[in-house]
Amino acid sequence: AITDATPAGWRVHIVSAVTDSFGDGAQAPSEESLRVIPDAEVYVGFGMPRALFLAGAKLRWVQTGTAGVATLLFDEMRNGACQLTNAAGLYGPTIAEHVLAGVLHFLRAFDLAEEMRREKVWDQSAFATPRALVREVDELHVLVVGAGGLGSEIARRFSALGARVSGVRRRPGLGLPPGFDAIHGLSELDGLLPLADVVVLATPLTEETRSVLDARRMKGLKPGAIVANVARGALLDEAALVDGLVAGRIRGAVLDVFAKEPLAADSPLWQLPRVVWTPHVSGVSPRRFWDRLQDLILDNWARYRAGDPLRNLVD
Ligand code: NAD
């Protein structure tokens, strides 16, 4: 589509592989990408290795298909004249459905049913007694840490099903985004965690948010809480999460991202029951995502040529 939208005087190089790994700024660029970058004014890709950026002396605009830009914010990008735009907002609807599916899995005790099926046990009482694990969404207080593109789509879905939804954002004074009943700053997190039945992590990974759910806070969660992380693995202390799951203090974990990806072969998360696991694909929705990304790229491409402000500018 970009090739089709290319006016006279522009050339488009399609590079088959920029690096071997997805969005990792430290990766070595491919020979093919290093060959074409010195002439490039515009770069569109999933992340960009720093070495490739440094070889692109004529670059004026970098569009990444990722929402997170931590690996792109090296000093030369921050301080240079090149504009950086991301795909914030495009992943929201898909990831919100993913979180909802994971949480409903535990609310309906599908994990327990699966265990019974494996053991060939037929036990209705495990679902029907007052102490049963089954719950409904409108009983829940959901805390979404990060009330941006992902967080607000997550909040809208839970609140539509009757949950009370609180959010945490960097600047709580900016008002209440749709779907939230209340919004707070990060400094209030300690008071909020013990009240939440579900805690969803949906912030970028920064120095402020690294390990935002650390071992101390993990211990302070409401007993039986469900934890979901769809943003970045290092937002939580994985060892402390494993401890909480093993001890039964945490009801379940919905995890799409991990401190180390691919997940280490010896991680207990491979084996633990009460974990719903996906390999960093919660944002994947093959047809709809690519349509949304293509629309964004083509709109920004037209804006760039017209000298208009770009959408999703990282500033
Ligand atoms: P966004 O920029 O729209 O929203 C981020 C939210 O986090 C904002 O509400 C912001 O105020 C809040 N926040 C940032 N720093 C904070 C702090 N120090 N304290 C409190 N709140 C803070 O971003 P988004 O599109 O919602 O994406 C969030 C993150 O999710 C991305 O940075 C990316 O790392 C991750 N992500 C993961 C996937 C995936 O495939 N699993 C896909 C998209 C995004």
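Leaving aside neighbours within four places in sequence, Val-142 is in contact with Phe-158, Ala-163, Val-165, Ala-196, Asp-197, Val-198 and Val-200; contact here requires C-beta atoms, placed from the backbone, to lie within 7 Å. The model is a predicted one, in which local features need pLDDT of at least 70 and side-chain atom pairs count only at pLDDT 80 or more, while totals for chains, interfaces and linings use all residues. Residues are numbered from 1 along each chain as its sequence is written.

Val-142 also belongs to the largest nonpolar core, which has 53 residues; there, Val-142, Val-144, Val-198, Val-200 and Ala-228 touch the most other members. Two or more residues each come from helix H4 (92–107), S4, H7, S5, S7, strand S8 (225–229), helix H10 (238–247) and strand S9 (250–255). The helices (H or I, at least four residues) and strands (E, at least two) are DSSP runs, numbered from the N terminus. With six residues, H4 gives the most to this core. A second, separate core of 14 residues has Val-42, Tyr-43, Leu-52 and Leu-59 among its members. In soluble globular proteins, nonpolar side chains tend to be buried together.

Next comes the sheet. Seven strands make up an open, parallel sheet in the order S6-S5-S4-S7-S8-S9-S10, where pairing calls for at least two DSSP bridges between two strands. Strand S6 (182–184) and strand S10 (275–277) are its edges, each pairing on one side only. On average, neighbouring strands are turned by 15 degrees against each other, direction ignored; axes are lines fitted to C-alpha atoms, for helices over the stretch in contact, and angles run from 0 to 180 degrees between N-to-C directions. S5 (residues 164–168) runs parallel to S6 and is joined to S6 by three bridges, with Ser-166 standing opposite Ala-182 in S6. Helix H7 (residues 149–160) packs on the sheet, touching strand S4 (141–145), S5 and strand S7 (198–201), and the direction of H7 makes about 165 degrees with that of S5.

Finally, the whole protein chain comes to eleven helices and ten strands. Of its 315 residues, 34% count as buried.

Notes: Contact = placed C-beta atoms within 7 Å. Core = buried A, V, L, I, M, F, W, Y, C linked by C-beta atoms within 7 Å. Buried ≥ 20, exposed ≤ 12 C-beta atoms within 10 Å, placed from the backbone.
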